[in-house]
Amino acid sequence: MKYFRLAQIMIFAIEEINRSEMLLPNVSIGYQIYDTCSSRMSSMSATMGLMNGPEFAAGETCNGQSSIHAIIGETESSATMLVSLFVFYLFFFSQISHTASCECLSNRKDHPSFFRTISSDYHQSRALAYIVKHLGWSWVGAVNSDNDYGNYGMAIFLNTAQKEGICVEYSEKFYRTEPEKLKKVVDTIKKGTTKVIVAFVSFIEMGLLIDQLNILNITGLQIIGVEGWITSKSLITPKSFQVMGGSLGFALRKINLEGFSDYVVKAFWETAFPCTQLKGNSSQYVINCSRYQDLLALKNYNEDVPEQRYSSHVYKAVYAVAHSLHSLLKCKEQEGFNFTVKFGDRVWFDRTGAAVAQYEVVNWQQDSDGSLQFKSVGYYDASLPPDQQFVLNTENIIWARGQLKPSSICSESCLPGTRKAAQKGRPVCCYDCIPCAEGEISNETGNLTQCPGDLLSNAEKNKCVLKAVEFLSFTEVMGIVLVFFSLFGAGLTVLVAILFYRMRDTPIVKANNSELSFLLLFSLTLCLLCSLTFIGQPNEWSCMLRHTAFGITFVLCISCLLGKTIVVLMAFKATLPGSNVMKWFGPAQQRLSVVAFTLIQVLICVLWLTISPPFPHKNMKYFKEKIILECSLGSTISFWAVLGYIGLLAVLCFILAFLARTLPDNFNEAKFITFSMLIFCAVWITFIPAYVSSPGKFTVAVEIFAILASSFGLLHDPDPVLSEDLNN
C-alpha cells in the first residue's frame, strides 16, 4: 500500500504540471512505472526496460531507444546505487530519489547525476547520537540492516557516539534473507544489559525484528528509530506495541498535499482505470475489468494519506524534473537550482545533491481511547543555527511500557571521594569506583581533579585543603632550646669580654694579645647571635643574611685565632739568639692579616649575593602532606665555597696550633687553640652528612647546632687565660 500511494502521488504531481500554464506550457510529461518488489535484480531489470523503450522485453538486445529523461527512484539505497551507476555511465540520465538517504550517495565522483529530495543520513545518524546524549544515556545497543543504508548510517552513529562519550554494548546487523543472523541479533538483545536500542534498520528488517521480539516476549526496551520505519502504520499494532510502545525516532516532516486526499478516491480511479463507472445514482465506483479486481478494496480508502510522509518528497522530485526541463527548453543557464512548491517549501540541493535535513521527533503513544498514534515531541533542523537545531520536549514523551524514563548506564556515577577505574576489556563507560589517591579529589560530577602543589586532599577526598606549613619557629620547643643556647653563649662571651676588660692591665692579659682577644670575643658573640637568623619564617632578607653573616663572622673568628697562633710561634722564635722575627708580625701585621682573611670571605659573599642569592622557597617534594618553608641556596657552589674557605682557615689554624702545642711557658695558648680547632673541625665534618640527610626543619636545626657547638668550642680558647689570671 505504501508504494502504491507513492505511485499515486507521482501521477498526481505529473497531472498538475500538465495542467499548468506556467510550467512547461504546451509540453506534457509522460511516465512509466515499474514495481521492483524491493529486489535489486528487479531494479536492474526495470532500469533496462526504461532505457530501451516500452517494447523492450526480457531476452531482447538493448537498443537504447527511449524517451526517458529522468528516473525517480529507487526507494532503497543499495538498489539506488546500482541504478545511479548504470544510468549515468551508460545512458547519461539524471536520477532523483525520494527515499534513498545513504551517505554513500553523497559522493559526487561516483554519483555525479544523482539527486535526492530527502536529506543524507549523515545528519540523521548524528542526530541519533544527540538524542541519546540529551536523554542522559551512555550505554546503548545498536542494530542495523546489513546493507548500504544500515551500514553507512550505523558507522556515522558509532563515530559520533564515541565523540559524545556514549558507549555501545554491542553492534549487530542482519539482512532480511538471513534468519540465522536475525536470531543471533535477538539473542544478543535478550542477553544485553542495556535497555536502550538504536535501530538503524529498513522497514522490512524492522518488521522481522519486531516479530521475533514478540515471539520471545522481550519487552521493556526503549527503541530509538530512524525515518525508514518509525512512522510505518503497518508496524504499529496492538501486538507490536507491547514490545515497541514508547519508541522514539526521527521521521520526515508531515506535509499535507492539498487535493491529494480527494484525488485518491475519485480522480485517480477515473483516469488510471477507465473501466470504472458510477453505480447508479450513488458515488460508489464499480470496476468492471477483471484484471483490476484486486484493487477494488483500495478504491475508497484514504485514511493512510496523512501519514504518507514521503509524499512531499515524491512530489518535489517530480517538480524538480519539470523545472529542469523547463529551464532546458528555455535555454536558461542557472548557477543554482531552487524553486518553491505550492505548500510553501523551497526545494534546493546542496553540493552533494541532497536536500536540507529536517526531521520530526515522534513517539509511539496510546491515546485514552486505545488508539495508537505517532506523536510529535520535538524536531531536528540542520538549516538552523547549531544551538537551535535540536529541540526535544521530554515532558510529552511516553516511555517504554508507560514507565518512567529508563536509566541506561553501564556503571553508576562514582561518589565524591572516589574515582573511575576502567574494567579490563570493557568500554570506558564501564568502570569500578575506587578511593582517590593522595592529592586527588572528585566531586558530585565524578570529575577527578589533581590538587595544586600547595594543597592536599582532605580525608573524604572531596576537597582540596591547605597543606601544613613547616619551618623552625621561635615558639616550638626545639626553637626555644636553640634560642636559649644561642643567647646563653652570647651572654657568656660578653661576660668573658667584660672580665677581660676589667683585667686589661694585668700582665697575663697584656701578654695574651688583648686586641686580638677582644676581637675574637666580639666575633664569637656575632657567631652565636647569627644562629638566630636561621629561626623563624624565611623571607628574602633573612635568607640572604643567615649564610653570609655566618660565613663572615666565622672567618673573622678563625682569622683572630690564626693570628694568635702565629703570634705564639713568632714569640717563641723571637727568644732565640739573633732572631728578629717579631718585627715582621707586629700588631699592624696582625690586624692586616685578620682584615685580609675576612675580606676574601666578604668578596665571596658579595659575588654570591650578586650572581645568585639565597631566596625563600616552598619545598613540596620532600613531604606530600606538608610544605617546608626553607631558604634555597641559590648558588650551591657559592655556599660550599663559603664553607670551604672557613674549613681551609680552620685546618691551617689547627696545623699551626698543633706545631706550637709543646712550646714551654704558662702563657702558651697553642694547646687550647689546638683543642678548639679539633672540636671545630669535628663538628663541621659531621655536619655535612647530617645536613644533607636531615628532613625539613631539622636541616636548619642541624646547621644551628653546628654553629653553636663550634662557637662554644672556640669560646674555650680565651677561658684558660682568664682562669690563669683569676688564680694569680
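Does S371 count as buried, partly exposed or exposed, and why? Please also say where S371 lies and which residues S371 touches.

Reply: A caution first: this is a predicted model.

S371 counts as partly exposed, because its relative accessibility is 24%. The cut-off matters here: buried means under 20%, and exposed means over 50%.

Now the location. S371 sits in the loop that runs between β13 (358-366) and β14 (372-381). Its side chain makes two polar contacts worth checking on screen. One is with the side chain of D369, at 2.7 Å. Another, at 3.3 Å, goes to the side chain of Q373. Set aside residues up to four places away in sequence, and S371 touches Q365 and Q366. Sequence distance and spatial distance part ways at P238. That residue is 133 residues from S371 in sequence, yet the two C-alpha atoms are 8.8 Å apart.

After α7 comes N217, with a positive phi near 55 degrees.

The largest nonpolar core has 81 residues, and M206, L209, W229 and W364 touch the most other members. Helix α1 (residues 2-19) gives the most to this core, with eight residues. In soluble globular proteins, nonpolar side chains tend to be buried together. For L209, contacts beyond four places in sequence are V143, F174, L182, V185, V186 and I189. There is also a second, separate core of 56 residues, including V483, L528, L643 and L649.

H111 counts as buried, because its relative accessibility is 2%. I600 belongs to helix α16 (residues 587-611). I600 counts as partly exposed, because its relative accessibility is 41%. Its C-alpha lies 9.8 Å from that of V642, which is 42 residues away along the chain.

The whole structure holds 15 aromatic pairs. Ring pairs join F12, F260, Y315 and Y319 into a cluster. Elsewhere, the charged end of R108 sits over the ring of F115, 4.9 Å from the ring centre.

Finally, the whole chain. It has 20 helices and 24 strands. Of its 728 residues, 49% count as buried. Among contacts with a separation of 6 or more, 66% are between residues 24 or more positions apart.

Back to the part you asked about: S371 is a partly exposed residue in the loop between β13 and β14, with side-chain polar contacts to D369 and Q373.

Definitions and conventions
Residues are numbered from 1 along each chain as its sequence is written. This is a predicted model: local features need pLDDT of at least 70, side-chain atom pairs count only at pLDDT 80 or more; totals for chains, interfaces and linings use all residues. Side-chain values use heavy atoms; hydrogens and water are left out. Rings of Phe, Tyr and Trp (its six-membered ring) pair if their centres lie within 6.5 Å; planes under 30 degrees apart count as stacked, over 60 as edge-to-face and the rest as tilted. A charge sits over a ring if NZ of Lys or CZ of Arg is within 6 Å of the ring centre and within 35 degrees of the ring normal. Helices (H or I, at least four residues) and strands (E, at least two) are DSSP runs, numbered from the N terminus. Buried means under 20% relative accessible area, exposed over 50%, partly exposed in between (1.4 Å probe, protein chains only). Contact means heavy atoms within 4.5 Å. A polar contact is a pair of N or O atoms within 3.5 Å; within protein, one must be able to donate a hydrogen and the other to accept it, and residues adjacent in sequence count only if both atoms are side-chain atoms. A nonpolar core is a set of buried Ala, Val, Leu, Ile, Met, Phe, Trp, Tyr and Cys residues joined through side-chain atoms within 4.5 Å.
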